[in-house]
Amino acid sequence: MTDAENTPKPDLKGGVSFRDVPDRGTLLGQVGTDEVVLVRQGDDLFAVGAHCTHYHGPLAEGLIAGDTVRCPWHHACFSLRTGEALRAPALDPVACWRVERVGDTVFVREKLAQPGPGTARRAAQPVPTSVVIIGGGAAGLAAADMLRREGYEGAVTVISADESPPVDRPNLSKDYLAGTAQDDWIPLRPPEYYAERRIDLVLNAHVSSLDVPAKRVQLENGKSYGFGALLLATGADPVRLDIPGATASQIHYLRTFADSRAIIAATAAAKRVVVVGASFIGLEVAASLRARKIDVHVVAPEAEPLERVMGPEVGRFIRHLHESRGVAFHLGKTVDRVAGGQAILSDGTKVDADFLVLGVGVRPSLALAERAGLAVDRGVTVNEYLATSAPGVFAAGDIARWPDPHSGDRIRVEHWVVAERQGQVAARNILGYRERFDAVPFFWSQHYDVAINYVGHAEKWDAVDIDGSLDARDCAVTYRRGGRALAVATIARDRQSLQAELTMEERK
């Protein structure tokens, strides 16, 4: 237990001085057995639960923006007035308490009742009689959840090709693969959630055709679903490589819960693994396998890991970090073939490998949209409301290419939090809100005990500013084009990451 955890927290129920609560700041205290954050905005006072409902991040260390608090870990956003989770990755509210000021003393009183499902406001205009969501990933689940939170009473059907209900996919390459997260942490919602919210979750279902004029979805098993509005959230599929000599049991990809479990099962009899690709997924897999004491070799054509996304300086730091944990890199090379228990590289090097994990990127799943006649340009083309070229059809997540107001470009990104937030906005727009999707893209990546937070989007840049030290694991890296900050990557500077996100939001 740390000194901070041992330090007694103020008794907020017994009262604290108004002057002890900084303006636009927080005071962490106790109400009975609950840890509570007291927040002051001018003369307004709020009290909310101290921990984010996503990964239990410390909200007292977050950022106060207007009447919201943002989590320092993964940028979830909560209303200080109601506790509502306004933006993913958190989907559930935090508790709220009534606050009373008597003179210069502030008291936190009783816990307030939280609004239940279906009590939120709804757009004052006709809504579709039913909604079908194709895709059971981040965007699909977040959209179904938001429809019910907004009080939508019509039928909601989620059609998923996966065998598992929606899962916390970022965890599949991180804690779960490393063996530090148990199976029941992975589903995003418990089984009873879908029945309670009247969400028809159809698993192992593959859509064969989409008839937009007739508003009907046809499944391969012969079943069909009509819809009043449709959300396409089919995500992306791993790029698959044909490696001569490799058997099916020697090749693994990581996209689903089943994929992660298959890799874990394979490690039981493995000592050496080759990871093909120095992508975020590939490197997170490498870190997780090292946690299981597996020898790991990473093979990639780049000069440095992540160089295309984060530049050579960060790439070099990441390589050194992994090398310090025992990962061997073979950069500027590819896997030419597999011969028995060895991977033969493009330069003739032979690397012992019990199996290979391929993480060489993904491709958006566009076939259904293309067959349906929707506008497609390296992704499904959507407007600022996430509406496609067909009336009543929306797209969100890895397949959507949208007009980003921050970069000025039409972009498509493969970030979990972006997909969830797009699903939420698409759901509200299905209900007629006409809400622009203008969130700043965000993702995080975990490498051993080093977390990298990244806000913004920079496909190209002409300058990189490093504030602090990569080697000291304390820095902010800003990517600029024409003097404009397009993205900021941070290590151990969570508040600075939140502030960078807020600054980008305010300048659009």
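Which residues lie nearest the centre of the second largest pocket? In this model, which is predicted, they are His54, Tyr55, Trp73, His74 and Trp444.

By type, the lining divides into 16 nonpolar, 6 polar and 9 charged residues. Three elements each supply at least two residues of that lining: helix H9 (416-430), strand S32 (442-447) and strand S33 (450-456). Strand S33 gives the most, with 3 residues. As background, rolling a probe the size of a water molecule over the atoms shows where empty space is left.

I turn now to the backbone. Most residues other than glycine have a negative phi, and most peptide bonds are trans.

The peptide bond from Ala88 to Pro89 is cis, and its omega is near 20°. Pro89 belongs to the loop that runs between strand S8 (85-87) and strand S9 (96-102).

Next comes Arg473, a residue other than glycine with a positive phi, near 60°. Arg473 is found in the loop between strand S34 (463-469) and strand S35 (474-481).

Ala492 sits in the loop between strand S36 (484-491) and helix H10 (494-507). Its relative accessibility is 57%, so Ala492 counts as exposed.

How values were computed: Residues are numbered from 1 along each chain as its sequence is written. This is a predicted model: local features need pLDDT of at least 70, side-chain atom pairs count only at pLDDT 80 or more; totals for chains, interfaces and linings use all residues. Side-chain values use heavy atoms; hydrogens and water are left out. On a 1 Å grid over the protein atoms alone, a cavity is a set of points where a 1.4 Å probe fits but cannot get out, and a pocket is an open set with protein on both sides within 12 Å along at least five of seven lines; lining residues have an atom within 4 Å of a point. Helices (H or I, at least four residues) and strands (E, at least two) are DSSP runs, numbered from the N terminus. Ala, Val, Leu, Ile, Met, Phe, Trp, Tyr, Cys and Pro count as nonpolar, Asp, Glu, Lys and Arg as charged, and the others, Gly among them, as polar. Buried means under 20% relative accessible area, exposed over 50%, partly exposed in between (1.4 Å probe, protein chains only).
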